[in-house]
Amino acid sequence: MQRFCGRPVLPKLLFLCPWLATMAFLVPRPVAPAPALRGMARMARSGGEVAEMVSASDVSSKASFRNATEEDRRNAETAYEIWKDQFPLAAARREYYGLDCTTLAVQDRLLHLSQLLGISSKDTLETFRKDFWVLSERSESLPAKLEALRSCGTNQEVLDFLRWAPRSIATTSAEEIQERGLANMLLRSFVGEVWELFASPLRILVKLQLARSAEEVEQERANESGMSNEELLKKEQARNRGRLRSTAYAFFATLIGTMSWASYMDATYGGPVHGKGFCFPAGIMPAYNLPDAEGNARLPCNCAPLYKWYLEPLMSSEQKDSMLGAAPKVDSKNCGRLMGGVKKDCDPRTVGGCVWSAEDLEKDPSAWEHREELYWERQR
């Protein structure tokens with residue numbers, strides 16, 4: 001984490017980044033996810049081999065579901081219903097970036113995943129219940145990812161990691177898993193959960209819109225039984241263009257209002273959180289909130305130490321101790337470089353170099369509500 005020691009983005013970007021990132025869910029992308037494609041490329045030397053392997057997989061998958069026990073079938077059916085709730089439009093379209101998403105195909109991917117993990121279908125259901133993105137991933141890409149995970153820890157550690165971060169196996173490539181390791185990925189997942197919290201208001205609206213679109217596709221399919229699936233999808237895309245335009249207007253109006261509110265809070269109180277501003281993601285990252293050996297953190301004086309104030313109190317003593325390794329090194333200070341490339345010295349007594357000290361971080365958050373100066377601000 002020490003390498004993330006550069007200066008954070010402006011406070012206002014906290015409001016901008018999560019909302020813009022979530023807007024990506026409104027716009028259909030024309031290409032399949034890169035990890036899935038890389039997984040397919042590793043499994044074949046030519047396009048012919050890929051087609052042959054996918055076809056063989058499809059045949060064996062349907063057979064495996066038909067030969068499954070009653071308990072496995074019930075678990076697979078439950079998994080499909082949960083996945084359908086999380087991916088309503090993919091379920092209605094019956095495909096996801098070219099991936100077969102019929103009921104049988106999704107149910108089989110659950111059973112196939114259970115076999116790969118070496119656990120029962122019930123345990124697999126409970127492990128991924130929180131986020132079934134893995135069922136929107138090609139089964140052919142999973143063995144390499146699981147092998148990469150197992151090279152980073154024991155089987156039990158891998159299962160514990162998947163219970164905490166079930167989405168990771170679908171959104172991370174095997175190469176990235178080996179490079180990062182379980183501890184780094186777990187920390188990234190924790191930061192991602194916080195990100196989801198900030199983005200949740202718009203995500204709820206997006207999910208409602210997707211559910212509505214899925215319902216319309218199903219109604220259209222029932223009313224126009226002679227229409228092909230491709231024609232149904234084209235009709236649905238045309239319907240969504242007007243909605244997307246209206247959503248964009250509402251989004252930018254909300255964004256302008258939020259930015260105006262944040263600017264008012266900054267000018268009047270110093271910031272919306274106990275007199276301090278949001279700095280994302282620095283405010284929630286341990287590496288910015290923990291002091292180095294000299295007693296200086298990397299969080300600028302105008303930023304709220306969200307990790308120290310709100311996240312760390314929720315942790316156990318063991319979890320707090322495990323985060324101490326993220327504390328920055330003394331020589332990791334980064335205040336930019338001069339025109340000639342010479343590294344600038346960091347002076348915490350200046351506006352640009354001012355950071356939180358260990359003494360400041362131990363005080364009650366309400367101490368800053370009346371623009372009380374931090375340690376280095378008093379030394380100017």
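Hi everyone, let me start with a cysteine: Cys152 is partly exposed, at 28% relative accessibility. Cys101, at 0%, counts as buried. As for those words, buried means under 20% relative accessible area, exposed means over 50%, and partly exposed is in between, with a 1.4 Å probe and protein chains only.

Before going on, a word on the model. It is a predicted one, where local features need pLDDT of at least 70 and side-chain atom pairs count only at pLDDT 80 or more, while totals for chains, interfaces and linings use all residues. Residues are numbered from 1 along each chain as its sequence is written, and side-chain values use heavy atoms, with hydrogens and water left out.

Now to the disulfides. A disulfide here is a pair of cysteine sulfur atoms within 2.5 Å. How many disulfides does this rule give? The count comes to three.

Let's take Cys279 and Cys303 to begin with. Their sulfur atoms sit 1.9 Å apart, and the link is left-handed, with -70° about the S-S bond. This pair links distant parts of the chain, 24 residues apart: Cys279 is in the loop between α12 (229–269) and α13 (286–289), and Cys303 is in the loop between β3 (296–300) and α14 (306–311). Those labels come from DSSP runs numbered from the N terminus: helices are H or I, at least four residues, and strands are E, at least two. Cys279 is buried, with a relative accessible area of 3%, and Cys303 is buried too, at 1%.

Next come Cys301 and Cys354, a disulfide with its sulfur atoms 1.9 Å apart. Why is it called left-handed? Because the torsion about the S-S bond of Cys301 and Cys354 is about -75°. Cys301 lies in the loop between β3 and α14, and Cys354 in the loop between α15 (317–323) and β4 (355–357), so the pair ties together parts that are 53 residues apart in sequence. Both Cys301 and Cys354 are buried.

That leaves Cys335 and Cys346, joined with an S to S distance of 2.1 Å. Which hand does this link have, left or right? The link of Cys335 and Cys346 is right-handed, with 125° about the S-S bond. Cys335 is in the loop between α15 and β4, as is Cys346, eleven residues apart. Cys335 is buried at 18% relative accessible area, whereas Cys346 is partly exposed at 25%.

To put the pairs together, count the bonded cysteines along the chain: the disulfides follow the pattern 1-3, 2-6, 4-5.
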